[in-house]
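Hi there,

Here is the structure I promised to pass on. Have a look at it first, and then read my notes below.

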Amino acid sequence: MSVLIYAENTGGKFKKSTFEVISYANVIAKEQKTNLVAISIGNVENAELEKLAKYGVDKVLSVTGEQLKLFVNQAYASIIAEGAKASSADTIVLSASFSGKGLAPRIAVKMDAGFVDGAIGLPSFNGSFTVRKGAFSGKAFADVSLTSTNKVISLVPNSYKVVEDTKPAAIETFAPVIKESDFRTMVKEIVRAADKVSLPEAEIVVSGGRGLKGPENWGMIEELAELLGAATACSKPVSDAHWRPHSEHVGQTGIAVSPNLYIAIGISGAIQHLAGVSASKTIVVINKDPEAPFFKAADYGIVGDAFEVIPRLIEAVKEFKSAHA
Amino acid sequence: MKILVCISNVPDTTTKITFSDDLKSFNPAGVQFIINPYDEIALTRALELTESQAGTVTVINIGDASTEPTIRKALAIGATDAVRINATPRDAYFVAGQIAAYAKDKGFDLILTGRESIDYNGSQVASMLGEKLDLPAVCIVKSLMIEGSTATLEREIEGGKEVLTCPLPLVASATEGMAEPRIPNMRGIMSARTKPLTVVEPVDIPQLQQIIKFDKPQSRGQVKLVAADEVNKLVDLLHGEAKAI
Ligand SMILES: Cc1cc2nc3c(=O)[nH]c(=O)nc-3n(C[C@H](O)[C@H](O)[C@H](O)COP(=O)(O)OP(=O)(O)OC[C@H]3O[C@@H](n4cnc5c(N)ncnc54)[C@H](O)[C@@H]3O)c2cc1C
Ligand SMILES: Nc1ncnc2c1ncn2[C@@H]1O[C@H](COP(=O)(O)O)[C@@H](O)[C@H]1O
């Protein structure tokens, strides 16, 4: 028996969420007294593969190939399921990243596995195998008990801390046979803002709403975000008005985020907005209206005009950074 | 073109969520149910595609008779016909299994779902359907074009998008941007009453998991306010107390 994790990479580099997944799965493997195996797909160099050993992996299966350079949902799912068979894994853990969300259900079906999508905590091990996930768009949690032999878990980015546990991991090449029909989709183009912190994985998010009046005022949002190493986000009306790209829109109909710190500026806190951000650990609200509903869902607040408060906040963060440098 | 759109019947976004006394199930009493917002996007795109290239749009729902108003609404928006699999949806594996069993010999060119249902937030059904029907499944798609027998899709990825092509048939899950949801008009509402709604009995599907308890997030307590001219205090609190920076 073993626990298998999928080590997702972007452009040959493992993502932070991959190390979160390993740290999480390491606890399960220890609890079950089995090995922890990682499978990497795509062209990842050995020096990068070795990083996986830092978090508790016993063995790395590396799958490479021209056809696998870019993500192909069906083919990757087949490879991970083959990897599970080859290492007799009965528990598979992967990130609930955009790609992971497509992969995990396929793997679950292939393995007749019970599946928890978007886990936010470790399983319970007292007899039943129960995992907690969010439900009703941030308004509730559900504890899902997996009763099958095989189990698949996708883990929400940012919901488990990276923990180091260095081991001498063996790196093996793995070359499963994949059907040609697994390659029907063809990637034509990838468009990514290269130097920006990715929103779903960000530890800090600075978010702006309609209270900022127009796209020309986002300079201070970006400056604050850059100082904090944060990603930028926005409310729905802001992306609907094309002040900001749709990929920044958080909430019920946008991206759900769960950073350590969410700073909401000029956002009223409508229930549909809260749906995507209420899982954040700490929430700061800056709004000129003391009655704004967001204050009821916040840990810290400033009642004030964003155009005065944000420049001051930028200065305060600069001071803080130079004092703690 | 023959399109199948999977629609889920979910509590309206603004609903206050409550559970049964044993916390094992959602309490539907007094709740307003709607078509899952993402499914509405998928349905609208399906209608646009069949309007420009001819074809039919069938909607399918797994649910008991109480979901029929939601199905009729989908017909009012413009679907050609509807199918209801007469069962209470246990989980996504069950739902995908029922849809696959229905769709497997019907020759759909395109099967659309929403990116996730806003009640159980699974984002599972599209990919499971793809696996069960041995079709490609492209998830969280914000643009879907079809030319001849090839689809061009844009899916969301961290910090951007990926553009891909895929031959039909395929499964795709819809998100914001694929279409602007339509509101039914009077003619639609009238004609929905007489459009075919077929009820089909479910197939057997093994149960692999179960929700054993629901829970509400703890409230954050009273917000701590910092004066607008003392923002240094906020930074100190975020560092010292919240350990967030
Ligand atoms: C089905 C459905 C789905 C939806 N999904 C989403 C979603 O995913 N995400 C989302 O965000 N919304 C969503 N919405 C919209 C949501 O209901 C709200 O309309 C939206 O979140 C409001 O955005 P806002 O807070 O930026 O704007 P507003 O509600 O207009 O709020 C602006 C706020 O800025 C404050 N303000 C104004 N000037 C200043 C200033 N100078 N300084 C400081 N504060 C100032 C105001 O006091 C106000 O509180 C959805 C709605 C529906 C019906
Ligand atoms: N009971 C259901 N009947 C039909 N389609 C459903 C049902 N539940 C979910 N779906 C479809 O699957 C999508 C994703 O749901 P989920 O995987 O549960 O988040 C939804 O947006 C619907 O398109």
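Leaving aside neighbours within four places in sequence, which residues is B:Glu162 in contact with? From chain A the list has A:Val187, A:Glu189 and A:Ile190, and from chain B it has B:Leu153, B:Glu154, B:Arg155 and B:Ile157 (contact means heavy atoms within 4.5 Å).

Before going on, note that this is a predicted model, where local features need pLDDT of at least 70 and side-chain atom pairs count only at pLDDT 80 or more, while totals for chains, interfaces and linings use all residues. Residues are numbered from 1 along each chain as its sequence is written, chains are lettered from A and ligands numbered from 1 in the order written, and side-chain values use heavy atoms, without hydrogens and water.

B:Glu162 belongs to strand S9 (residues 160–167) of chain B (strands are DSSP runs of E, at least two residues, numbered from the N terminus). It counts as buried because its relative accessibility is 4%, and buried means under 20% relative accessible area (1.4 Å probe, protein chains only).

Now to ligand 2. It is surrounded by 18 residues, and B:Cys6, B:Asp39, B:Ser117, B:Ser123 and B:Gln124 are the closest (a residue is near if one of its heavy atoms lies within 4 Å). S4(B) gives the largest share of this shell, three residues. A nitrogen atom of ligand 2 lies 2.8 Å from a backbone N or O atom of B:Ile62. An oxygen atom of the ligand is 2.7 Å from a polar backbone atom of B:Ser117.

Enjoy exploring!

Technical notes. Helix = DSSP H or I, 4+ residues; strand = E, 2+ residues; numbered from the N terminus. Buried < 20%, exposed > 50% of the residue type's maximum accessible area, 1.4 Å probe, protein only. Polar contact = N/O pair within 3.5 Å; in protein donor to acceptor, adjacent residues only side chain to side chain.
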